[in-house]
Amino acid sequence: MRLVSFAAAGRLRAGLLVADRVVDVARARPGLAPTVSRLLAAWDDAAPVLLELAGSAVARDGHHRLADVRLVAPLAPVRVLGTGANYVSHQREMDVAAPPQPSCFLKLPGTVAGPDDELRLGSEQRCVDYEGEIAVVLGRPARDIDPADATDVIAGLMLANDISARDVPMAHLALGKGSPGFCPLGPQLVTLDEIALDDVSFTVTVNGELRQQAHTSEMSHTFGEIVASFSHALPLDAGDVILTGTPAGVGVGMVPPRFLDDGDTVVIASPQLGTLRTTVSRPARAASPVSP
Amino acid sequence: MAIPRPEAAQAPRLLLCVDDNYRCQPRPRRAGLALTRPAVLDGLLSDGPLDDVFITAADPRSLVSEGTPVVLPRGCDRLDVGVSLVARIGSSAEGLSVAYSVGLDFVRRDVPAIQPYQARSFPTHKVMSAVAVPAAGFALDPLTELVLRVDGETRQRSTLAQMIAKPAELVALIAARCELRDGDVVFTGTPNGTALDAGRGWLRVGSVVDAEVTGLGTVTATVCAEDARR
């Protein structure tokens with residue numbers, strides 16, 4: 001299944017994407033929750049109904065044409081975690097060792113953006129970089145699980161851009177990855193019935209120029225190993241999102257470094273997960289930082 | 001016991017913790033950071049005066065109010081704690097405002113120091129006193145004392161004179177990069193005297209921790225075991 005979120009009559013709605021049609025799931029099956037986050041909170045009950053709906057006549061006809069709705073991030077996660085240096089190519093590019101265990105950081109609240117959203121940079125943000133990634137979305141809580149059991153708690157995958165300011169001290173990493181709009185997600189959450197976790201690929205282009213290209217086989221830690229490792233340190237929840245690392249080709253790895261600027265378009269594309277596009281703007285006069 | 005966790009709607013939107021912010025505090029994180037900072041970033045960093053003050057995000061739902069038992073996670077044999085001046089972000093007609101509370105900042109030292117989010121984010125590991133004193137009513141006197149006791153033994157006793165980045169500087173630094181809103185919370189660091197500094201005195205089930213900041217009051221917590229069920 002391919003789940004999307006869209007705005008209709010001023011409200012966030014969960015949609016099922018079938019070809020070029022979007023089914024409003026709560027309209028088609030009134031017992032279902034109206035948002036993807038709430039569907040994930042009751043995933044064991046919702047998933048079978050969604051599967052049935054996906055094969056129904058309603059799904060074939062749809063409620064909306066995809067071209068007529070504005071997609072937003074597939075869910076509004078309470079928590080977005082990330083791991084770093086998880087592709088061998090990126091480890092070489094940054095001259096860092098493979099982490100023995102997946103590293104873990106938090107993308108701050110307020111960073112999540114949707115597909116096709118604009119990233120507005122302040123005048124002082126001069127070293128902002130893209131990181132194309134695959135995001136895992138949990139459909140069940142997890143605590144102390146084994147990697148082999150991770151498929152029981154993963155609802156699906158989507159694309160993510162772990163946007164990062166490179167001129168922020170390492171001691172302030174949370175801030176460097178935490179500006180508003182620094183975590184575009186989407187365009188769709190693809191559930192496990194439709195995807196193999198060990199066979200996902202994606203590319204990243206900036207203004208049409210290929211920058212990153214990767215396959216899940218190049219990851220140091222698999223999705224299952226990341227989820228299991230995180231679950232040993234903390235209880236994880238349904239609806240949590242985990243960004244699983246970026247491959248080589250980030251702007252800071254180039255000589256000289258090439259950072260995002262006004263007018264740039266970053267496109268993360270995957271045959272399995274769709275296309276996540278972010279356009280960068282830099283208003284002529286950026287708002288001043290808030291003073292305490 | 002089952003892990004107490006506030007609903008997301010009841011938790012602050014943003015919870016940040018500061019480390020390496022007292023001159024008297026040993027700085028174990030610097031070595032780890034030096035090892036993990038890629039050389040390609042060197043030319044981009046300005047080496048500002050607050051660059052070594054460590055600002056990390058903790059899970060907002062790790063924050064609980066006084067009276068909630070603090071959970072010792074399964075398998076954790078090095079649970080530590082420090083007293084912290086807590087800056088609570090509010091809003092006023094002039095913009096952001098700050099009020100202060102007393103905080104207990106529990107940290108898992110069994111988690112590698114390069115994993116600060118995981119070390120600081122276990123549910124119940126941030127405790128904050130209910131009393132919030134507006135900044136206008138609380139002078140940041142250098143002689144203001146911070147004290148932490150574990151089972152009656154004094155572990156930390158320091159003053160704000162040792163604090164490197166003051167709350168207003170921290171708030172400005174954070175707000176320059178991130179969106180701060182009413183209800184967000186910043187634990188501004190802890191002085192020396194933690195179990196990590198001493199190499200002993202890890203918290204156990206039944207440990208009673210109390211902290212005091214002159215002029216702000218006290219906060220107390222008791223450590224309990226995590227439910228054995230998965």
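Visitor: Where do I start with confidence? What is the mean pLDDT of chain A?

Guide: The model is predicted, so start with pLDDT, the predictor's confidence in each residue. The mean for chain A is 93. In that chain, 97% of residues reach 70 or more.

Visitor: Where in chain A does pLDDT stay under 50?

Guide: Look at residues 286–292 of chain A. The model has 11 contacts beyond four places in sequence for that stretch.

Visitor: Next, the fold. How many helices and strands does chain A have?

Guide: Chain A has seven helices and 19 strands. Its radius of gyration is 19 Å, close to the 19 Å that the globule rule gives for 292 residues, so chain A is as compact as a globular protein of that length. The C-alpha trace spans about 55 × 45 × 40 Å along its principal axes.

Visitor: What share of the residues in chain A is buried?

Guide: Buried means under 20% relative accessible area. By that cut-off, 60% of the 292 residues in chain A are buried. The accessible surface of the chain comes to about 11,000 Å². Carbon and sulfur atoms hold 52% of that surface.

Visitor: How do I read contacts along the sequence? What share joins residues at least 24 apart in chain A?

Guide: Take the contacts in chain A between residues at least 6 apart in sequence. Of these, 74% join residues at least 24 apart.

Visitor: Now cysteines. How many disulfides does the structure hold?

Guide: A disulfide is a covalent bond between the sulfur atoms of two cysteines. Over all chains, the structure holds zero. B:Cys17 is in no disulfide, and the nearest cysteine sulfur, that of A:Cys104, is 14 Å away. B:Cys17 is also buried, at 0% relative accessible area.

Visitor: Let me try one residue. Where does B:Gln25 lie?

Guide: B:Gln25 sits in a loop of chain B, between strand S1 (15–19) and helix H1 (28–36).

Visitor: Is B:Gln25 buried or exposed?

Guide: Its relative accessibility is 9%, so B:Gln25 counts as buried.

Visitor: What does B:Gln25 contact?

Guide: Leave aside neighbours within four places in sequence. B:Gln25 then contacts B:Asp19, B:Asp20, B:Thr190, B:Pro191 and B:Asn192. A polar atom of the B:Gln25 side chain lies 3.1 Å from the backbone nitrogen of B:Asp20.

How values were computed:
Residues are numbered from 1 along each chain as its sequence is written. Chains are lettered from A and ligands numbered from 1 in the order in which they are written. This is a predicted model: local features need pLDDT of at least 70, side-chain atom pairs count only at pLDDT 80 or more; totals for chains, interfaces and linings use all residues. Side-chain values use heavy atoms; hydrogens and water are left out. pLDDT is the predictor's confidence in each residue, from 0 to 100. Contact means heavy atoms within 4.5 Å. Helices (H or I, at least four residues) and strands (E, at least two) are DSSP runs, numbered from the N terminus. Buried means under 20% relative accessible area, exposed over 50%, partly exposed in between (1.4 Å probe, protein chains only). A polar contact is a pair of N or O atoms within 3.5 Å; within protein, one must be able to donate a hydrogen and the other to accept it, and residues adjacent in sequence count only if both atoms are side-chain atoms. A disulfide is a pair of cysteine sulfur atoms within 2.5 Å. The radius of gyration is taken over C-alpha atoms; the globule rule is 2.2 Å times the number of residues to the power 0.38. Accessible areas come from the Shrake-Rupley method with a 1.4 Å probe; for residues, only the protein chains shown count as cover.
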